[in-house]
Amino acid sequence: MALTRIRLELARTEGYPEGSALHGYEFIAPLTADGHIDAVEWLAQKDKCTVRRFWNGEPDELGKLRHLGHGWRFDYNPQEADDDEPFFKLDRHPLVRGAYVSITEHDHVQRPFKIIDTAPYS
């Protein structure tokens, strides 16, 4: 199974009524044909499953996509859990262009993100 690059951008929120292309994530994950993360393939390729968090006015953060039980999260420092950013029920939602996912960020606020693009990663 091929790896996919997924781009998420901040969806409509109180501070960003039109959303924001300057706030989001790009990450690598193995996807099934229907757009779900393949946990078995992730295990085989987890070192390649990276994330870049970009947030206007802040330095980019680099980390890894992690799988815990049924949950998925971004992890920026494996020695600390406080920096993890969990997805809300990502195991139930396909990562397809135009869909939305929610992530609880460092400030413990859950925000919606729109899937802007998915493309093969080489």
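Contact here means heavy atoms within 4.5 Å. By this criterion, and leaving aside residues up to four places away in sequence, F87 touches L8, F27, L65, W72, R73, F74, V101, S102 and I103. The structure is a predicted model, in which local features need pLDDT of at least 70 and side-chain atom pairs count only at pLDDT 80 or more, whereas totals for chains, interfaces and linings use all residues. Residues are numbered from 1 along each chain as its sequence is written, and side-chain values use heavy atoms, without hydrogens or water.

Of its 26 residues, L8, F27, L65, F74, F87 and L95 touch the most other members. At least two residues of this core come from each of β1 (3–10), β2, β3, β5 (71–75), β7 and β8.

Strands are DSSP runs of E with at least two residues, numbered from the N terminus, and two strands pair if DSSP finds at least two bridges between them. Eight strands form an open sheet with antiparallel pairing, in the order β6-β5-β4-β3-β2-β1-β8-β7. Its edges are β6 (85–86) and β7 (100–104), each of which pairs on one side only.

Within the sheet, β2 (residues 20–30) runs antiparallel to β3 (residues 50–55) through 5 bridges, and E26 stands opposite R52 in β3. Another 5 bridges join β7 to the antiparallel β8 (residues 110–120), where Q110 is the bridge partner of T104. The β7–β8 hairpin has 5 residues between the strands, and H108 takes a positive phi near 70° there.

Terms used:
Helices (H or I, at least four residues) and strands (E, at least two) are DSSP runs, numbered from the N terminus. A nonpolar core is a set of buried Ala, Val, Leu, Ile, Met, Phe, Trp, Tyr and Cys residues joined through side-chain atoms within 4.5 Å. Buried means under 20% relative accessible area, exposed over 50%, partly exposed in between (1.4 Å probe, protein chains only).
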